[in-house]
Amino acid sequence: MATLILVRHGRSTANTAGLLAGWTPGVTLDEHGAAQAAALPGRLAAVPLAAAVTSPLERCGETLAPLLAARPGLALHTDERIGECHYGDWSGRKLSELSGEPLMRIVQQHPSAAAFPGGESMRAMQARAVDAVRDWNARIEEEHGADAVYLMCSHGDIIKSLVADALGMHLDLFQRIHVDPCSVTAIRYTPTRPFLLRLGDTGDFSSFAPRDNASPDAAAAGDDTEAGGEAVVGGGAGAV
């Protein structure tokens with residue numbers, strides 16, 4: 001079966017502002033995110049891609065634009081099922097404010113029971129994303145053969161939930177997974193099981209260095225939440 005390359009969109013204006021973007025319109029890549037996107041074609045130069053599939057949200061389209069320019073023959077498809085989680089009433093709010101919501105404890109520790117007010121449950125988010133991958137695996141294999149490689153550009157929580165599914169992990173453990181902006185995750189699917197080949201690969205190890213979590217920049221990016229042992233809902237801004 002096909003090999004799937006999952007790319008999280010580049011760093012966005014919402015990431016650096018410490019906002020939970022969700023489906024809020026007008027969220028684009030910031031300057032650093034645009035540079036990440038510009039580097040993506042070189043990082044994937046050795047990989048023959050049969051097709052690209054993207055979330056309909058603008059930040060994903062901007063992330064793939066340089067890759068599509070470098071590969072004018074690459075077919076691009078849009079699939080709403082790999083769009084960001086519908087955070088409902090939480091969309092557009094500051095992560096620092098949301099950390100005090102009682103629901104955040106459920107999101108962190110028991111996400112399979114979490115449903116966002118006015119939005120969707122995390123179980124529904126994972127189910128639609130997994131269904132999308134299963135459908136695209138079958139389509140890509142039928143059209144391009146069992147050794148084909150294709151790419152999906154999506155969002156932090158979506159990619160984490162797909163990795164959890166590939167590893168046979170319960171959704172309640174998916175907050176232990178982290179993927180930085182514009183990181184590459186690769187999963188090879190076979191008839192009997194998936195194999196995780198790469199996880200959150202950026203080629204940059206600066207994020208392992210100690211961070212000044214007291215700084216305004218770190219707080220805006222949501223790094224203070226991650227440092228406290230909790231996952232940044234939506235994925236965080238990565239290393240600055």
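User: Which residue is the bridge partner of Val 7 in S4?

Analyst: Heads-up: this is a predicted model, where local features need pLDDT of at least 70, side-chain atom pairs count only at pLDDT 80 or more, and totals for chains, interfaces and linings use all residues. Residues are numbered from 1 along each chain as its sequence is written, and side-chain values use heavy atoms, with hydrogens and water left out. The S and H names stand for strands (E, at least two residues) and helices (H or I, at least four residues), which are DSSP runs numbered from the N terminus. Within S4, the residue bridging to Val 7 is Cys 153.

User: And how many bridges join S1 to S4?

Analyst: Strands of a sheet pair through backbone hydrogen bonds, either parallel or antiparallel. Two strands count as paired if DSSP finds at least two bridges between them. As one example across these two, Arg 8 stands opposite Ser 154 in S4. S1 (residues 3-8) and S4 (residues 149-154) run parallel, and the number of bridges joining them is six.

User: Which residue in S4 does Thr 54 stand opposite?

Analyst: Here we're looking at S2 and S4, which pair in the parallel sense over three bridges. The S4 residue facing Thr 54 is Cys 153.

User: Which strands are the edge strands of the sheet?

Analyst: The sheet is open and has six strands with mixed pairing, in the order S3-S2-S4-S1-S5-S6. An edge strand pairs on one side only, and that goes for S3 (76-78) and S6 (194-201).

User: What angle does the direction of H3 make with that of S4?

Analyst: Angles run from 0 to 180 degrees between N-to-C directions, and axes are lines fitted to C-alpha atoms, for helices over the stretch in contact. H3 (residues 58-70) packs on the sheet and touches S1, S2 (52-54), S3 and S4, where touching or contact means heavy atoms within 4.5 Å. Its direction, compared with that of S4, makes about 145°.

User: How many residues of S4 are buried?

Analyst: Buried means under 20% relative accessible area, exposed means over 50%, and partly exposed is in between (1.4 Å probe, protein chains only). Both faces of S4 are covered, with Val 149, Leu 151 and Cys 153 buried on one side and Tyr 150, Met 152 and Ser 154 on the other. S4 is largely enclosed by the rest of the structure because its buried residues number six of the six.

User: What do the buried residues of H7 pack against?

Analyst: Ten of the eleven residues of H7 are buried, so this helix is largely enclosed by the rest of the structure. Among them are Ile 158, Ile 159, Leu 162 and Val 163. Their packing partners are S1, H6, S4, S5 (184-189) and S6.

User: Is Gln 126 buried or exposed?

Analyst: Gln 126 sits in H6 (residues 122-144). Leaving aside residues up to four places away in sequence, it touches Ser 161, Ala 164, Asp 165 and Leu 171. Because its relative accessible area is 14%, Gln 126 is buried.

User: Which exposed residues does the face of H5 turned away from its buried side carry?

Analyst: The buried residues of H5 (residues 102-109) are Met 104, Val 107 and Gln 108. They cover an arc of only 95° around the axis, so they lie on the same side of H5; the arc is that of the directions from the helix axis to the C-beta atoms. Their cover includes H4 (95-98) and H6. Turned away from that side are Pro 102, Arg 105 and Gln 109.

User: How far apart in space are Tyr 189 and Ala 166, C-alpha to C-alpha?

Analyst: Tyr 189 lies in S5 and counts as buried because its relative accessibility is 4%. Tyr 189 also stands opposite Pro 194 in S6. In sequence, Tyr 189 and Ala 166 are 23 residues apart, while in space their C-alpha atoms are separated by 8.5 Å.
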